[in-house]
Amino acid sequence: MTDLCCFLAGMTRLLCPLILLIFWHKKTNARLFPAPVAFSICLPVFILAGGIRSGFNHNDYISYYIQQGLLYGIFEEGSKYFVLRYLLESYDNRKDAVTYGIGHSMFENFGAGLACLGLIGADNVNPDILWFNLWSFIEGSAFVISLTVLIFYGIYMGKSIIMLPVAMLIHAVSNASKGIFYIIDIPLTAVLCFAAYCCWQKMQSPYEIE
């Protein structure tokens with residue numbers, strides 16, 4: 001039964017982002033190209049950030065998680081800004097921001113999915129692994145997509161000087177809280193989703209066909 005849960009957890013993390021992308025495309029007719037771009041960009045970004053993180057001091061775990069949060073906040077949100085601002089200039093619809101966020105989420109879930117599948121046959125697996133990973137996909141995807149909308153809003157409205165640091169800080173706090181005080185992460189994501197929704201509404205064009 002435990003092996004089945006590991007398998008289902010792995011499939012949840014691998015397939016749900018793809019299902020979400022297909023649903024988003026079918027529902028809104030959004031362009032798909034930003035998703036594979038985001039997935040591809042994440043690989044070198046996470047490798048570089050991981051290499052830097054390996055040099056952090058693990059003795060003070062609070063300091064370690066704060067440094068880790070700042071590192072990934074700057075690298076992940078900074079790379080989103082660079083790609084959306086300079087490499088995907090023609091992808092200037094707010095729907096493209098969501099598609100890019102889904103692609104970023106696909107990369108994060110891909111690694112988690114493989115990790116779950118790698119636990120098949122292990123003896124010390126938490127029986128709640130399936131439900132934990134289902135929730136992690138939902139909460140994590142909402143978080144990543146919402147942050148991407150904030151980044152795009154800053155570019156769209158000419159407010160990146162404010163929105164980019166805010167997105168980096170939110171990411172850093174969330175990342176650090178997972179290791180220090182996890183309960184902060186849930187209300188933070190809820191507030192972030194609301195903020196992203198407000199930004200999404202402000203970017204609506206009167207000529208946009210929903």
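Visitor: At roughly what angle do the axes of helix α1 and helix α5 cross?
Guide: Roughly 25°, and the axes come within 8 Å. Helix α1 is residues 2-28 and helix α5 is residues 129-157. Axes here are lines fitted to C-alpha atoms, for helices over the stretch in contact, with angles from 0 to 180 degrees between N-to-C directions. Helices are DSSP runs of H or I with at least four residues, strands are E runs of at least two, and both are numbered from the N terminus. Before going on: this is a predicted model, where local features need pLDDT of at least 70, side-chain atom pairs count only at pLDDT 80 or more, and totals for chains, interfaces and linings use all residues. Residues are numbered from 1 along each chain as its sequence is written, and side-chain values use heavy atoms, with hydrogens and water left out.

Visitor: Are α1 and α5 roughly parallel or antiparallel to each other?
Guide: Roughly parallel. Angles under 35 degrees get that label, over 145 is roughly antiparallel, 65 to 115 roughly perpendicular, and the rest oblique.

Visitor: Which residues in α1 meet α5?
Guide: Among them are Cys5, Leu8, Cys16 and Leu20. On the α5 side you'll find, including others, Ile129, Leu134 and Phe137. Contact means heavy atoms within 4.5 Å.

Visitor: How do the residues of that contact divide?
Guide: Twelve are nonpolar, three polar and one charged. Nonpolar covers Ala, Val, Leu, Ile, Met, Phe, Trp, Tyr, Cys and Pro; charged is Asp, Glu, Lys and Arg; the others, Gly among them, are polar.

Visitor: And at what angle do α1 and helix α4 pack?
Guide: About 165°, with the axes 7 Å apart; α4 is residues 94-118. α1 and α4 are therefore roughly antiparallel, and their crossing is left-handed. By class, that contact has 18 nonpolar, five polar and two charged residues.

Visitor: Switching to charges. How many salt bridges does the count come to?
Guide: Two. The rule is a side-chain nitrogen of Lys or Arg within 4 Å of a carboxyl oxygen of Asp or Glu.

Visitor: Which side chain does aspartate 96 meet in a salt bridge?
Guide: Arginine 31, at 2.6 Å from N to O. Aspartate 96 is in helix α4 and arginine 31 in the loop between α1 and α2 (34-53), so the pair ties together parts 65 residues apart in sequence.

Visitor: Is aspartate 96 buried or exposed?
Guide: Buried, with a relative accessible area of 2%, while arginine 31 is partly exposed at 35%. Buried is under 20%, exposed over 50%, partly exposed in between, using a 1.4 Å probe and protein chains only.

Visitor: What does lysine 80 pair with?
Guide: Glutamate 77, with the closest N and O atoms 3.2 Å apart. They're three residues apart in helix α3 (residues 61-87), so about one helical turn separates them. Lysine 80 is buried at 1% relative accessibility, and glutamate 77 is buried at 0%.

Visitor: Where does glutamate 139 lie?
Guide: In helix α5, and glutamate 139 is buried at 8%. Leaving aside neighbours within four places in sequence, glutamate 139 is in contact with Asp185 and Thr189.

Key. A crossing is left-handed if the near helix is turned anticlockwise from the far one by less than a right angle, and right-handed if clockwise.
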